[in-house]
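Okay, everyone, thanks for coming. Let's take a look at the fold together, piece by piece.

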Amino acid sequence: MARPVGFGARVRQFGQPSTYGEEVHGQGDLAAVTVGLLGPLEVRVGDRPVSLGGQRPRALISLLALSAGRPLSTSRLVDALWEGNPPAAAANTVQVYLSRLRRALAGPDGNAPLRTSAAGYTLDVPDDAVDVSRFERRVAEGHARLSAGDAAGSSRALRSALELWRGPAVPDLVGLRAGEAVIARLDARRLAAQVERIDADAALGRHAPLIPELQELIRLHPLHEGLVVRLMTALYRCGRQAEALAAYAEAATRLAEELGVDPGPQLSGIHGQMLRQEVPGAPAPGPARPPTAAVLSRPRHGLVGRSQELTRALELLADPRVRLVTLLGPGGTGKTRLALEIADRLAERPPPGGVVVVPLSGVDEPAELLAEVCRTLDAVPAWSGEPLLD
């Protein structure tokens with residue numbers, strides 16, 4: 001019988017490697033038992049699916065699989081299944097469930113990997129037989145590879161881990177106190193693995209494909225500031241600075257409305273870096289700027305008689321304390337010509353923000369000045385209601 005798509009690794013004979021360098025070991029003559037908890041419960045003996053009955057028997061096998069190799073006492077199973085308010089025959093009912101489970105898990109020789117001891121009942125299968133254990137191990141490998149600088153290997157390991165998930169974890173324990181902590185931990189581990197895989201892909205320069213994935217994750221986890229930081233970074237590195245800043249504004253609004261707090265240091269820090277265009281390892285946002293000659297035609301002849309003013313203007317622009325240099329003089333004295341020469345010299349060794357010429361000859365009203373600058377810089381906000389000055 002074919003294995004359902006998405007259920008962990010295929011069952012193998014002892015010592016046969018999996019597609020990800022793993023082994024699922026059998027126990028002597030027993031058929032290998034595998035359990036899938038990262039989605040709807042799936043239990044198989046070899047390639048044979050096992051029918052497990054109602055919710056409590058399914059919860060029972062889920063608890064045993066989560067503690068594979070370790071015993072669970074009858075009292076602990078009773079307490080988990082009935083949450084401290086068991087019926088008088090609860091212990092006998094558990095015995096009936098276990099007896100049925102033992103028969104369901106039996107191999108061709110009639111033996112099953114369900115052991116009974118003074119300490120309780122043990123599902124005696126290897127760690128790799130339960131998809132939760134495989135998930136944890138692959139996540140640990142992905143983390144180690146990323147820490148060692150192997151982003152490609154990390155991405156592969158973490159993708160392999162996340163592919164084990166077929167839906168919500170351990171659904172038969174939902175609503176039981178015994179399952180709340182387990183489900184919360186697994187969900188947190190899944191999200192952490194997704195974030196780390198995103199970091200690995202970002203290190204490989206795969207920014208554009210991450211954007212829709214991050215947007216969906218933020219929809220599911222709207223107060224997760226780390227996801228917003230990664231979305232802003234991916235947008236910025238794709239030249240979409242306005243959208244990156246919009247993502248920050250939306251996150252800040254959510255935090256204020258839901259928690260009454262401001263963005264934390266990491267989120268506010270990346271916001272400030274983007275405003276200063278100082279995001280580490282990122283290209284300058286927006287489309288590449290055309291050279292000065294493509295904005296306004298350069299004169300055919302070199303600058304004549306303005307060497308002193310040119311030298312002084314370049315000195316001022318090189319001074320970090322100077323934010324603005326203005327050329328003053330009567331009309332027709334060559335201010336525009338000198339400004340273009342200054343821009344041309346700066347373009348040879350451009351400052352971090354680049355060099356852009358904004359023609360203002362068509363601006364007639366003071367209110368039009370800022371709009372013209374924004375249009376030239378492609379800095380018109382991508383979201384409505386945001387003032388141009390902001």
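So, secondary structure: the protein chain comes to 14 helices and 5 strands. Keep in mind that this is a predicted model. The chain has 390 residues, and buried ones make up 38% of them. If you look at contacts between residues at least 6 apart in sequence, 61% join residues at least 24 apart.

Now, the strands. Strand β2 covers residues 42-45 and is joined to β3 by 2 bridges. If you want to find that spot on screen, go to Val45, whose bridge partner in β3 is Arg48.

What joins β4 to β5? A hairpin does, through 2 residues. Ser117 stands opposite Gly120 in β5.

Okay, on to the aromatics. The structure holds 1 aromatic pair. The rings belong to Phe135 and Trp165; their centres are 5.6 Å apart and their planes sit at 80°, so we call the pair edge-to-face. For that label the planes have to be over 60 degrees apart. What I like here is that the pair links distant parts of the chain: Phe135 is in helix α4, residues 131-147, while Trp165 is in the loop between α5 (151-162) and α6 (177-203), 30 residues apart. And are these two buried or exposed? Phe135 is buried, and Trp165 is too.

Last stop, the surface. Leu223, Leu259 and Val261 make a nonpolar patch of about 240 Å². Let's zoom in on Leu223, which lies in the loop between α7 (207-220) and α8 (225-237). Why does Leu223 count as partly exposed? Because its relative accessibility is 35%, and partly exposed is what we call anything between the under 20% of buried and the over 50% of exposed.

Terms used: Residues numbered from 1 in each chain as written. Predicted model: local features only at pLDDT ≥ 70, side-chain atom pairs only at ≥ 80, totals over all residues. Heavy atoms only, no water. Patch = residues over 30% accessible without salt bridge, like charges linked within 9 Å, V, L, I, M, F, W, Y side chains within 5 Å. Areas by Shrake-Rupley, 256 points an atom, 1.4 Å probe, with all protein chains shown as cover. Salt bridge = Lys/Arg side-chain N within 4 Å of Asp/Glu carboxyl O. Helix = DSSP H or I, 4+ residues; strand = E, 2+ residues; numbered from the N terminus. Buried < 20%, exposed > 50% of the residue type's maximum accessible area, 1.4 Å probe, protein only. Pairing = 2+ DSSP bridges. Contact = heavy atoms within 4.5 Å. Phe/Tyr/Trp six-rings, centres within 6.5 Å; stacked < 30°, edge-to-face > 60°.
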